[in-house]
Amino acid sequence: SLCGLGFLEGVNPQDKVALLKLLADQTDENASLQIRRLEPGTMDGVKAKVLECRTSRYVCGSRNAEASFTLMVTRDVTSQVESVETADSRIGMAESANRLKSTFLSTVSHELRTPLNAIIGFSEMLEGKAGLTFTEAAKLEYAGLINQSATHLLNLLNDILDLSNIEAGRFQVLPDL
């Protein structure tokens, strides 16, 4: 039986059942369990500690009067659990950033490829590689489309450079005068 219930008073209710089962189990000689225990904290009131509870069963006495007892040793593993949770959080953030980077690169490559294809296609047509001849009006129209596509590309690249400078902390906002 348990001598005093002081330790159990602070155990998280969800963990209390598992802890009592661990202590009552007579079949497992050595077992362990992690529980959360609420303890008076510093400035923010109550703080939860994560404890690793290890039990060992011992039998002593003679054949006629055999007695058994359970020894439970607890160890504070709060910092280790927090370290694992922090690492898991950082891994999740890194994976999310990697997905965002992949999406960004895919979108940028599509946005860059479209005007480049127009520039290449219209410039090849003007060079006569397609074996066609064009009127001066058509040539002017195609030159205008090439210029429009090149301007679009330049704007996209400037936006990408602006994003890079913002990320590096080198972007200045100048007020309109």
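**View A. An aromatic cluster built from Phe122, Phe134 and Tyr142.** This is a predicted model, and the close-up shows the three side chains that make up one aromatic cluster: Phe122, Phe134 and Tyr142. The structure holds 2 aromatic pairs. Phe122 and Tyr142 are stacked, with 5.1 Å centre to centre and 25° between the planes. Phe122 sits in helix 3 (residues 78-127) and Tyr142 in helix 4 (residues 136-168), so this pair ties together parts that are 20 residues apart in sequence.

**View B. Tyr142 and its edge-to-face partner, Phe134.** Zooming in on Tyr142, we find a buried residue, with a relative accessible area of 15%. The ring centres of Phe134 and Tyr142 are 5.2 Å apart and the planes stand at 90°; over 60 degrees counts as edge-to-face, so that is the label this pair gets.

**View C. Helix 3 packed against helix 4.** The crossing of helix 3 past helix 4 is left-handed. Sorted by class, the residues in this contact come out as 20 nonpolar, 3 polar and 2 charged.

**View D. Gln80 in helix 3, shown with Val50.** Back to helix 3, which is where Gln80 has its place. Gln80 is partly exposed: its relative accessible area is 38%, which falls between the 20% limit for buried and the 50% limit for exposed. Along the chain, Gln80 and Val50 are 30 residues apart, yet in space the C-alpha to C-alpha distance is 9.1 Å.

**View E. The largest nonpolar core, with 9 residues in all.** Here are the side chains of Leu8, Val11, Leu19, Leu22, Leu23, Ala31, Ile35, Leu51 and Cys53, which together form this core. Helix 2 (13-24), strand 1 (30-40) and strand 2 (46-61) are the elements that give two or more residues to it. Which element gives the most to this core? Helix 2 does, with 3 residues.

**View F. Another nonpolar core, of 6 residues.**

Terms used
Residues numbered from 1 in each chain as written. Predicted model: local features only at pLDDT ≥ 70, side-chain atom pairs only at ≥ 80, totals over all residues. Heavy atoms only, no water. Phe/Tyr/Trp six-rings, centres within 6.5 Å; stacked < 30°, edge-to-face > 60°. Helix = DSSP H or I, 4+ residues; strand = E, 2+ residues; numbered from the N terminus. Buried < 20%, exposed > 50% of the residue type's maximum accessible area, 1.4 Å probe, protein only. Axes fitted to C-alpha atoms, helices over the stretch in contact; angles between N-to-C directions. Left-handed = near helix turned anticlockwise from the far one by under 90°. Nonpolar A, V, L, I, M, F, W, Y, C, P; charged D, E, K, R; others polar. Core = buried A, V, L, I, M, F, W, Y, C linked by side-chain atoms within 4.5 Å.
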